[in-house]
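Take a look at the sequence and the structure, and then we can walk through the side chains together.

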Amino acid sequence: MISTYDFQQLDGILKDFHTAVGIRISIFDDEFNPVTEYPKTAPAFCRCIRESTAGKEGCKKCDRDACLRAAKLRAPHIYVCHAGI
């Protein structure tokens, strides 16, 4: 599916969401690639995990699985990742 986004407006909404609830949020396309996220930089813990091939693959799998669950639920999905956050 091809979609167009007003990234400035979308980023503003993500920033407001983060300010209100304190949860980092990512938006993915239908091929499980991040479209945008806030904050733009992952937490230091996540960056450390992603330095290893296994960690990076674990993150990708978690994101993909969460996207599939969200699609099945037809709703946003908050989840705990493979590293426990």
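At what relative accessibility does D65 stand, and is the residue buried or partly exposed? D65 counts as partly exposed, at 23% relative accessibility; here buried means under 20% relative accessible area, exposed over 50%, and partly exposed in between (1.4 Å probe, protein chains only).

## Ground rules

This is a predicted model, in which local features need pLDDT of at least 70 and side-chain atom pairs count only at pLDDT 80 or more, while totals for chains, interfaces and linings use all residues. Residues are numbered from 1 along each chain as its sequence is written, and side-chain values use heavy atoms, with hydrogens and water left out.

## Salt bridges

The count of salt bridges comes to 3, where a salt bridge is a side-chain nitrogen of Lys or Arg within 4 Å of a carboxyl oxygen of Asp or Glu. D65 takes part in one of them, with K61, at 2.7 Å from N to O. K61 and D65 are 4 residues apart in helix α3, so about one helical turn separates them. Helices (H or I, at least four residues) and strands (E, at least two) are DSSP runs, numbered from the N terminus.

Another salt bridge pairs E37 with R24, at 3.3 Å from N to O. E37 belongs to strand β2 and R24 to the loop between α1 and β1 (25–28), so this pair ties together parts that are 13 residues apart in sequence. R24 is partly exposed, at a relative accessible area of 24%.

K40 is partly exposed at 47% relative accessibility, and D11 is partly exposed at 22%.

T36, in strand β2, is buried, with a relative accessible area of 5%. Its side chain makes a polar contact of 2.6 Å with the side chain of D11, and a polar contact of 2.6 Å also joins the side chains of T36 and K40. A polar contact is a pair of N or O atoms within 3.5 Å; within protein, one must be able to donate a hydrogen and the other to accept it, and residues adjacent in sequence count only if both atoms are side-chain atoms. Leaving aside residues up to four places away in sequence, T36 touches F7, L10, D11, L14, I25, S26 and I27, with contact meaning heavy atoms within 4.5 Å.

## Cysteines

How many disulfides does a search of the whole structure find? The search finds 0, a disulfide being a pair of cysteine sulfur atoms within 2.5 Å. C46 is in no disulfide, and the nearest cysteine sulfur, that of C81, is 6.0 Å away. For C59, the closest cysteine sulfur is also in C81, at 6.2 Å, which is too far for a bond. C46 is buried at 14% relative accessibility, and C59 is buried at 13%.
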